[in-house]
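Subject: Structure for you to look at

Hello,

Here is the structure I said I would pass on. Please open it first, then read the notes below with it in view.

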Amino acid sequence: MLSTNEPNEERDRTTDLNSSLVFEPPIRAESVPILTENEDVFEIETTGFEIFKAKAAEWSRKLIYFYVSPGGYFYYYWTCFVSFGLLYNMLAMVIFIFDDVLIGYFFHWLYLNLFFDCVFLLDILVQSRTTYTFDGSEVKNVKMTTKNYYESFRIYLDVASLIPTDLILIFNKSISLVRAVRLFKIYRLSDFIEKAQKRTSFPNAFKIALLMSACYILFHWNACVYFLFSLAEGLSEDDTSAFGFSYYKVFDPRIPTCSVFNDQNCQFPENFTLLDIDDHRPEYMQEMYEFWAGKFVKWEMGNFSREYSMSIYWSALTITTCGQQVRLSKILFVR
């Protein structure tokens, strides 16, 4: 039979064992300080070269894998800058038909050409990192955006616009139209106009400015073609009825030193009731010269000013269906 005293004996042994266990704190060395509750514990941070190395790695990663959103500010202003490069090429490539510009600014033109060629080259990189929408989601992966750009027709236009035609200009300065290949990027100007119309707060003013810019570029090109035709025909020095440019048609402006409001002798007495006073002026032209002697200041203009002013004047009047007008030399005085 089992004894009833066994559970009591087991309980007594457990009590004796617990009472024999004594927990005491470990002995502290005298050199180790005691941290109180009010003291702060600072974590050790990485400093110096390791921080710079980590930052450089982060910046290089952002530079390698950067992407551009077509609706962002950077893409908008970058497209605007590229458009200025296109407008520069439109104006500059034809104005060197004038000798004064060609002689005085040829090398400055080459430097600007190189600068905007670098801009067009960077534009290829920007477009290859431009995001696009696929199945309602914006694709930001660099490999996919680059593949999307290389598979588009724009890559061919961009590469064609970077043909180094300036090498030809080094050997022959007179064929500046070889830079017409830069106009393959004209679609970038269309991109800027589209985005500017969505962002501007003055849409009507923007449309007017756009129309004025387009008209001026058209007048500018037509004026250069007119002067080129005049060079091919031969510049006339004294034939005022010639179709081409003539220096005799554009005299240096004379600005009166007196005012008709304060001096009655500041206006030559003419019969303004005549139907066409210009037909009668040759009869007393010498008297007019004697009357205005010492009453005006001559504003001397260079050859380019006279050539371009006459050409753009003829171009604007011809394109606006006014036809060729009377020569500018008849406007002798500016009141």
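Keep in mind that this is a predicted model. The notes begin with one arginine and then turn to the salt bridges.

Arg 129 touches Leu 63, Ile 64, Tyr 65, Phe 66, Tyr 67, Val 68, Val 142, Thr 145 and Thr 146, leaving aside residues up to four places away in sequence. To find Arg 129, go to the loop between helix 4 (99-128) and strand 1 (132-134). Arg 129 is buried but has no salt bridge. The nearest side chain of opposite charge is that of Asp 123, and it is 13 Å away. What does lie 3.2 Å from a polar atom of the Arg 129 side chain? It is the backbone oxygen of Phe 66.

Now the salt bridges. The count comes to nine. Three of them are described here.

In one, Arg 179 pairs with Asp 117, and the closest N and O atoms are 3.4 Å apart. Arg 179 sits in the loop between helix 7 (166-171) and helix 8 (186-199), while Asp 117 is in helix 4, so the pair ties together parts that are 62 residues apart in sequence. Are these two residues buried or exposed? Arg 179 is buried, with a relative accessible area of 0%. Asp 117 has 15% relative accessibility and also counts as buried, because the cut-off is under 20%.

In another, Arg 188 forms a salt bridge with Asp 123, with 2.8 Å between the closest N and O atoms. This pair links distant parts of the chain: Arg 188 belongs to helix 8 and Asp 123 to helix 4, 65 residues apart. Both Arg 188 and Asp 123 are buried.

The next salt bridge joins Lys 185 to Asp 158, and the closest N and O atoms are 2.9 Å apart. Lys 185 is in the loop between helix 7 and helix 8, and Asp 158 is in helix 6 (residues 154-160), so this pair ties together parts that are 27 residues apart in sequence. Lys 185 counts as buried at 0% relative accessibility. Asp 158 is buried too, with a relative accessible area of 1%.

Which residues are linked in a network of salt bridges? They are Asp 123, Arg 154, Asp 158, Lys 185, Arg 188 and Asp 191.

Regards

Methods: Residues numbered from 1 in each chain as written. Predicted model: local features only at pLDDT ≥ 70, side-chain atom pairs only at ≥ 80, totals over all residues. Heavy atoms only, no water. Helix = DSSP H or I, 4+ residues; strand = E, 2+ residues; numbered from the N terminus. Buried < 20%, exposed > 50% of the residue type's maximum accessible area, 1.4 Å probe, protein only. Lys, Arg positive; Asp, Glu negative; His and termini not counted. Salt bridge = Lys/Arg side-chain N within 4 Å of Asp/Glu carboxyl O. Polar contact = N/O pair within 3.5 Å; in protein donor to acceptor, adjacent residues only side chain to side chain. Contact = heavy atoms within 4.5 Å.
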